[in-house]
Amino acid sequence: MRRAVLIAIPYAWLLALFLVPFGIVLKISLSDTAIAIPPYVPTLDLAEGWAGFRAFLSELDFENFVWLTEDDLYWKAYLSSLKIALISTIFTLLVGYPMAYGMARAPEEWRPTLMMLVILPFWTSFLIRVYAWMGILSNEGFLNQALLWLGVIGEPLALLNTNTAVYIGIVYTYLPFMILPIYAALDRLDGSLIEAAEDLGCSRLQAFWLVTIPLSRPGIIAGSFLVFIPVLGEFVIPSLLGGSGTLMIGKVLWEEFFSNRDWPVASAVAVVLLLILVIPIVLFQRNQQKQAEAEQ
Amino acid sequence: MTRLSWFNVVSLTLGFAFLYIPMLILIIFSFNESKLVTVWAGFSTKWYGELMQNEAFLNAAWVTVKVAVMSSTLATVLGTMAAYVMVRGGRFMGRTLFSGMIYAPLVMPEVITGLSLLLLFIGIGLDRGVLTIVLAHTTFSMCYVSVVVSSRLVTFDRSLEEAALDLGCSPAEAFRLVTLPIIAPAVISGWLLAFTLSLDDLVIASFTSGPSATTLPIKIFSAVRLGVSPEINALSTIMIAIVTVGVITASLVSKRAMVRQKQEEQAAARTT
């Protein structure tokens, strides 16, 4: 009896505040926009019973999804989100791997401090970390000042409100998510394997490429998905650092909802984004499961 | 694997410089006299003074802390229950759906979570305000709590609980006297995680808040869209300082707890 209550409370909470809301999004994505409160039709009228429900069902259609394929804003935004997420994941890996590798090779007594230095930004407000780059990347910002002073450039580069700024912002804010799983994988790595490879005639670079990288693969995969998945739906970074040319689906959804007040289209955008995300999420889960099994 | 090559040293130095220089610049320029945030004009703390007189920011900060305390406490209770059910609950109807609902919010884009909760609140006619933000934050942060707590529950020796039950404890007593003290560090870090997630959240709060409740991130976001300002730098510095002190304290406390636990275990091993 007690056990049933224990299960029922969190279960009911998640059903009511996680699953049911999705049902509502799905339903509204099939509705039509209307000038009303709430701004869509049809609304379900339970007072009319079964006939009312049938009439309600008959009015639902896939019009909004057809609309998403017709207006090229949407599919361009999906493609550009995928592109930005993919490129920034690669950059994060290129910055994060050497750091994780350095941490794993650092003396034992330094490692807790280095870990702390990686985790600390993760606890600091995301919004503030993105904001910090606004002052650096603007036309009269610190980066341009430094480059002008060094004589590298003759006139300020336009960095803020471009895709370059978005890439920098993403690499900066998501770096800890990449470093931690790779570090965990490298930390477990048996050092004698590398010695064996070197004894058998590998150069250090070969040993790194043939032993270290393959053995840290689960960490690389986990870190890449931990960056790729949330970046795909990112809103804060493109809206603060990106410009009018930066198309990302999270921003489109936000504007569709808050500026255009087109709830059905915003819901349809959300449903399609979710469908796109299913693939990387399933791949990520599989990687995690394989890793958990390997540890047992 | 403890020989650092020059390559390791360079990549660590550059990497940490990349992580910390932006925040250092932010902190330094919060003490700048001039309103121009990129030109140094002398030391001053006047932006902190102005911040303290900005009613709107102070109100938003108060709402944010209130929401964070309520939602993280609720999330810790629900998340611990969920973790216990997942690890110790055995089989029950709909277990797969349950674990799916615990893991899904972790990877869900915030815009989708926010949108779906808002549509729910409007659907059931709940006025948007502090309550709706608390409900929304509790829902996604309870999942983080349950992941943290269940990772501790998985590793701990179940026979301790069974011994308590054999010695005449009721299941509730066994949980309170044996399980809870052992998982307490995980429960506390779960609470801290939920608290910071709530403090940080802009997107979900924007969807689920109404005109009566503006949180600090919403306030900062609307100010920052207009450009960089020294007042926001001052506010950011205060927030960075609080987080830094908090994280360092937490890690020192947990380190000491670990040392003490080890000593107790050794003492126990000697007496038997």
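The model is predicted: local features need pLDDT of at least 70 and side-chain atom pairs count only at pLDDT 80 or more, while totals for chains, interfaces and linings use all residues. Side-chain values use heavy atoms, without hydrogens and water, and residues are numbered from 1 along each chain. Chain A contributes 84 residues to the contact and chain B 84 residues, contact meaning heavy atoms within 4.5 Å. Across this interface 0 salt bridges are found (a side-chain nitrogen of Lys or Arg within 4 Å of a carboxyl oxygen of Asp or Glu).

Chain B consists of domain 1 (52-227) and domain 2 (228-272), with bounds from an automatic or database domain assignment. Their contact takes 9 residues from domain 1 of chain B and 8 residues from domain 2 of chain B. The two domains of chain B bury about 650 Å² between them, 78% of it on carbon and sulfur atoms. On the domain 1 side, the most area is lost by F57(B), I220(B) and G227(B), together 46% of what that side buries. The C-alpha centres of the two domains of chain B are 21 Å apart, and the salt-bridge count between these domains is 0.

In chain A, F91(A) is found in helix α4 (residues 72-105), helices being DSSP runs (H or I) of at least four residues, numbered from the N terminus. F91(A) has a relative accessible area of 40% and is therefore partly exposed, that is, between the limits for buried (under 20%) and exposed (over 50%), with a 1.4 Å probe and protein chains only.

Notes
Chains are lettered from A and ligands numbered from 1 in the order in which they are written. Helices (H or I, at least four residues) and strands (E, at least two) are DSSP runs, numbered from the N terminus. Buried area is the accessible area (1.4 Å probe) that two parts lose on being put together, summed over both.
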